[in-house]
Amino acid sequence: MTRGLELTLKGNFINFTKFFVEAFPRSYDKYGADPAEFDDNLALYTQTINSKCDEIYRMTARDINTYINLYSIHVNQSADEFKIIYYLGRAIEKWLVKNGLAEIAQIHMFAMIGLLDFKLETLGYNKPKLTKAMIKLIRFGKIDEELGVTGCYLTYKCVSTAEKKLAA
Amino acid sequence: MTRTNIADWEARAQVAAAELCKKIDAAVSDTLDLAFVAPADANGTNSLSSDFVDRLDRREHLTDQFLAAI
């Protein structure tokens, strides 16, 4: 049995896909997209994820795997909510862009930030300046250029763990 | 955007999300073969919080606080 991360996390990938779609309306509203096109854009969003789900989940698993190998993460720390939200979010984003849905990809990325923020909130942290900075990068299309492959994830993860240490 | 409209959108998104996940679950359950990307020793381990997932399932994040900073 060597399917490892994918089979371990497949159920979580599907579950978090649901959370992304459920967060789409508030992200859509915050983005300021055309309300008259909401239904069409929601349909395009879900249809793209549905048609590319294997590719999206492979990319997510591959990128998490690359991360844990690169940074020599112990296997019992191989997955956490920040990783699932971030790497699944980025994989969905990439397939939306590949399918020509750049605006929907940005709205989806708003949802990713909202979910990362909520994870921080459940740990007792509220970082509105971090949220604003990430949203600006998304709007300007600069998240890869400014933060690379893991920068956004590492920022959220480090905020949560660093503050835990300080509070201890 | 009014509160009513957001509620309508969210109701439609919840239906769409449920339908999507049902389709995906059926599509990937027998065909996912991704051994090439995973270390064998990663199998069976994760540190996900069921409490966090439960809160998302209850949609506790979908409030006026969602992305309130922007």
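**Reading the helices of chain A**

Q: How many helices and strands are there in chain A?
A: Helices (H or I, at least four residues) and strands (E, at least two) are DSSP runs, numbered from the N terminus. Chain A has eight helices and zero strands, and its pattern along the sequence reads α-α-α-α-α-α-α-α.

Q: On what conventions does this description rest?
A: This is a predicted model, in which local features need pLDDT of at least 70 and side-chain atom pairs count only at pLDDT 80 or more, while totals for chains, interfaces and linings use all residues. Residues are numbered from 1 along each chain as its sequence is written, and chains are lettered from A and ligands numbered from 1 in the order in which they are written.

Q: What percentage of the residues in chain A is buried?
A: A residue is buried if 20 or more other C-beta atoms lie within 10 Å of its own, exposed if 12 or fewer, and partly exposed in between, with C-beta atoms placed from the backbone. Of the 168 residues in chain A, 48% are buried.

Q: Is helix α4(A) largely enclosed or open?
A: Helix α4(A) is largely enclosed by the rest of the structure, because 14 of its 18 residues are buried. After α4(A) comes A:Gly100, with a positive phi near 80°.

Q: Is A:Ala102 buried or exposed?
A: A:Ala102 is exposed, because 12 other C-beta atoms lie within 10 Å. A:Ala102 belongs to helix α5 (residues 102–122) of chain A. Between A:Ala102 and A:Thr17 there are 85 residues in sequence and 18 Å in space, C-alpha to C-alpha.
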